[in-house]
Amino acid sequence: LCGSSLEDAGWRVHMEWTSDPFGLWSRGRDLNAAYTVAAIQPTILKHGAWTYQALCRTKQGVVFETWTTNNAVSWSPLTRTSLPNPNSALDGVRLQDGRLLLVYNHASEGRENLNVAVSRDGRTWQAVCELEKETGAEFSYPAVIQARDGMVQVTYTWKREKIRHVTLDPSKFQVRDMVDGRW
């Protein structure tokens, strides 16, 4: 299962899947109408045997989500989350301990900060660290995995000049709750 999107004729999210990456691929229907929610670049988080959540970059100032409980056969309508999004990419992963981790810009405008949050259910997120924060700079396009040794590996564009790599130890995360939309 792969999250995908198109930007021609408006931003639209869809899913693609294959049992053989070198064989045939199938494409699902658009999950949004571009004139209602402009969303692209979904990241998929697995919650259970048949349940997935997709979080999407949007032009609406917040991250949008969609859920499936039937192994991606059908998806719920895209809805707003409590996480801000400055029209910037995000990426997530399910950690070995079951928590979900998301790397994103926690702002409704600008990409001057890059943040990491965790969740047990994909709905309530808690800040664990700020990877970057610099006025006038841009930090974007994160990619995240958890390696076999348990360490979280994050890459992202640093000021549109370089690719930065950061290693995080999820056992040392200190969570902070969001209050009034701020960490």
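Let's begin with the open sheet of 3 strands, ordered β1-β2-β3 with antiparallel pairing. Strands here are DSSP runs of E with at least two residues, numbered from the N terminus, and two strands pair if DSSP finds at least two bridges between them. At the edges sit β1 (2-6) and β3 (26-27), each pairing on one side only. Strand β2 (residues 12-17) runs antiparallel to β3, and 2 bridges join them. Across from Trp17 you'll find Ser26 in β3.

A quick word on where this comes from: it's a predicted model, in which local features need pLDDT of at least 70 and side-chain atom pairs count only at pLDDT 80 or more, while totals for chains, interfaces and linings use all residues. Residues are numbered from 1 along each chain as its sequence is written, and side-chain values use heavy atoms, with hydrogens and water left out.

**Rings**

Lys59 lies over the face of Trp11, 4.4 Å from the ring centre. A charge counts as sitting over a ring if NZ of Lys or CZ of Arg is within 6 Å of the ring centre and within 35 degrees of the ring normal. As for aromatic pairs, the structure holds 0 of them; to pair, rings of Phe, Tyr and Trp (its six-membered ring) need centres within 6.5 Å, with planes under 30 degrees apart called stacked, over 60 edge-to-face and the rest tilted.

**The sheet of 4 strands**

There's also an open sheet of 4 strands, in the order β8-β9-β10-β11, again with antiparallel pairing. Its edge strands are β8 (91-94) and β11 (126-133), and each pairs on one side only. On average, neighbouring strands of this sheet are turned by 15° against each other, direction ignored; the axes are lines fitted to C-alpha atoms, and angles run from 0 to 180 degrees between N-to-C directions. Strand β10 (residues 113-119) pairs with β11 in the antiparallel sense over 6 bridges. Asn115 stands opposite Glu130 in β11.

**Thr43 in β4**

Thr43 belongs to strand β4 (residues 39-46). Is Thr43 buried or exposed? Its relative accessible area is 5%, so Thr43 is buried; the cut-offs are under 20% for buried, over 50% for exposed and partly exposed in between, with a 1.4 Å probe and protein chains only. The Thr43 side chain reaches the backbone nitrogen of Gly92 at 3.1 Å. That's a polar contact, meaning a pair of N or O atoms within 3.5 Å; within protein, one must be able to donate a hydrogen and the other to accept it, and residues adjacent in sequence count only if both atoms are side-chain atoms. Leaving aside neighbours within four places in sequence, Thr43 is in contact (heavy atoms within 4.5 Å) with Gln53, Ala54, Leu55, Leu90, Asp91, Gly92 and Leu102.

**The β12-β13 hairpin**

β12 and β13 form a hairpin with 5 residues between them, and Gly150 in the turn has a positive phi of about 90°. β12 pairs with strand β13 (residues 152-158) in the antiparallel sense over 6 bridges.

Gln146 is found in strand β12 (residues 139-146). What does the side chain of Gln146 reach at 2.8 Å? The backbone oxygen of Gly150. A polar atom of the Gln146 side chain also lies 2.6 Å from the backbone nitrogen of Gln96. Gln146 counts as buried because its relative accessibility is 18%. Not counting residues up to four places away in sequence, Gln146 touches Val93, Arg94, Leu95, Gln96, Met151, Val152 and Pro170.

Arg148 is in the loop between β12 and β13. With 86% relative accessibility, Arg148 counts as exposed. Arg148 and Tyr52 are 96 residues apart in sequence and 22 Å apart in space, C-alpha to C-alpha.

| Residue | Phi |
|---|---|
| Gln41 | near 50° |
| Arg160 | near 60° |

Both values are positive in a residue other than glycine. Gln41 is in strand β4 and is partly exposed, with a relative accessible area of 25%. Arg160 is found in the loop between β13 and β14 (162-168). At 54% relative accessibility, Arg160 counts as exposed.
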